[in-house]
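I opened the model to see how the chain is put together. My notes follow in the order in which I looked things up.

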Amino acid sequence: MGELGETSPMLPNKTRTRMSYSHAAYRSDDSLRSNSNELRRAHSVPVLTRRDLRMLSLSPMFYNKLYMTEGGSMVSSAFNLASATCGAGVLALPYAMQHCGTLTGTLTLLVVCTLTIYSVFLLTKVSALTKLMTYEELAMDLVGPIAEKLTALVIVVFCWGVAVMYVVVMGDFVVPLIHAAGLSHIIGRRFAMLIFWAFIMFPLSLARKINTLRYASIVGTVSTLLLAGGLIVRFAEEVLENEHPSRVASIVDEAAKANLTRWDAGTLGALATFVFSYCCQPVAPKIYEELQDRSVQRMCLCAFWSMSTCTLVYITTGVFGAMSFGGAINPNVLVNFADHLSSPTAQVAYLGMVVAVTMAFPMTIFPTRDSVVMALGYRADENPVPDWLSSTIAGLLALLALLIGLAVPNIRVLFDLLGGVCGGSLSFVLPALFALRSGYWSLEAMGWRHLTLTWATLIFGVLVCSVGTYNSIESNFF
């Protein structure tokens, strides 16, 4: 049998089928259920879909985020996927590259990029076959109700954990500002974080709607490009300051600050950082749903160009950051940048990342706020939440993020958890599991190459989760 397509028959004739979880779970008629474990699932569109039933979704804002562009064209979809990918992870790439080597780090980034593109293919293919367009729907229909709740929980933890990370990053960039103002002898790091959070980040978190933050993705993406450019300029300045008579020798001397390969205590954490930097899969089904003339092939092209662009930026940032600062590199490269702000390029890159982090903080608070609101039984169309309750929940979440952020020494701790556990499961384990549980991913239907790559994606995701868990425990408790 040939490969399954979007217009091909779902299953061969006379194939026994089973009721999908999402249909059976909400119908009281036990006759509709099937108890056979050997029956394959056939897709059918119920009269009342999950959206029609308005079932609880724990991460609505995560999928309805404001992207860079609208319209669903190939270009805008690729930009949207890239903007969902680029984020705080770029700040830790130089540190990760320094602790695994520029050659090893580059190869690892290429592997993670390849598996990310393939995981987007898995999600797109399964969505095309099942007509399920969110992670919760896929988990509910293909795995079961418990998997849906666990998936939603992982997404919420990931999203809110990024908010904590932004608080830690904010503490890193306010300290140089305090030093520049000559107030370092009066105001410490934690007090400076509290002031900045109270007067800037906290008010933004209380916004009822996010229209005023609609360009946060554009600011973040442009700031990432400026950071990469700033690191290149910084490396060039280091080369010019080198007193070696030969320019080529000066470049070699500066490049030698970063090893080609390396294994130390930070190497395992580097893998979690790389995976975190590519975590865009939860929004991929939504982008596919909005893609004009959508097809699996067109979505894969979007994923290829967006991930390839991100990889180029990541390699540039990681390699030049490691070569510029060498062994003095900090888990947050902005800390190193703060000591070299004489260059206008560095100033623009630094301030750009400050603005991007500030605007991104409420964008991570909103999904968690809406999750809590919906868990309390409120619905936008039937029973809208009062403004005071929405603001109270958002404020409490922002306050909790601040308190945890004050206790976290640096962002490396968060990367181990978010990149390793949450990123590994969301990026690789769940997409592969959805495909294998769909009923269509057999050797006859998909061929040995797809089956092998799917299992490789699943195994890699389990490996990342295991490494992230081990590294978090080993780094913080032993």
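**Notebook: loops, helices and rings**

I began with lysine 131, which I found in the loop between helix 5 (102-130) and helix 6 (135-142); helices (H or I, at least four residues) and strands (E, at least two) are DSSP runs numbered from the N terminus. The model is predicted, so local features need pLDDT of at least 70 and side-chain atom pairs count only at pLDDT 80 or more, while totals for chains, interfaces and linings use all residues. Residues are numbered from 1 along each chain as its sequence is written, and side-chain values use heavy atoms, with hydrogens and water left out.

I then turned to aspartate 293, in the loop between helix 12 (284-290) and helix 13 (296-325). Aspartate 293 is not a glycine either, and has a positive phi of about 50°. At 67% relative accessibility, aspartate 293 counts as exposed.

**The whole chain**

I counted 18 helices and two strands in the chain. Of the 478 residues, 55% are buried. The accessible surface comes to about 20900 Å², and carbon and sulfur atoms hold 65% of it; the areas come from the Shrake-Rupley method with a 1.4 Å probe, and for residues only the protein chains shown count as cover.

**Helix 7 against helix 8**

How do helix 7 and helix 8 pack, at what angle and how far apart are their axes? Helix 7 (residues 145-180) and helix 8 (residues 189-205) pack at about 110°, with axes 9 Å apart. Axes are lines fitted to C-alpha atoms, for helices over the stretch in contact, and angles run from 0 to 180 degrees between N-to-C directions. That angle makes helix 7 roughly perpendicular to helix 8 (65 to 115 degrees; under 35 is roughly parallel, over 145 roughly antiparallel, the rest oblique).

I listed the residues that meet, with contact meaning heavy atoms within 4.5 Å. Helix 7 brings residues including Tyr166, Met170, Phe173 and Ile178, and helix 8 brings residues including Arg189, Met193, Phe196 and Trp197.

**Aromatic pairs**

My search of the whole structure gave 11 aromatic pairs. Rings of Phe, Tyr and Trp (its six-membered ring) pair if their centres lie within 6.5 Å; planes under 30 degrees apart count as stacked, over 60 as edge-to-face and the rest as tilted.

The rings of phenylalanine 158 and phenylalanine 276 have centres 5.6 Å apart and planes at 45°, so this pair is tilted. Phenylalanine 158 is in helix 7 and phenylalanine 276 in helix 11 (residues 267-277), so the pair ties together parts 118 residues apart in sequence. Phenylalanine 158 is buried at 7% relative accessibility.

Phenylalanine 173 and phenylalanine 196 form an edge-to-face pair, 5.5 Å centre to centre with 80° between the planes. This pair links helix 7 to helix 8, and phenylalanine 173 and phenylalanine 196 are buried.

**A glycine in helix 17**

Last, I looked up glycine 424, in helix 17 (residues 411-437). Glycine 424 counts as buried, at 0% relative accessibility. From glycine 424 to leucine 463 is 8.0 Å, C-alpha to C-alpha, across 39 residues of sequence.

Conventions
Buried < 20%, exposed > 50% of the residue type's maximum accessible area, 1.4 Å probe, protein only.
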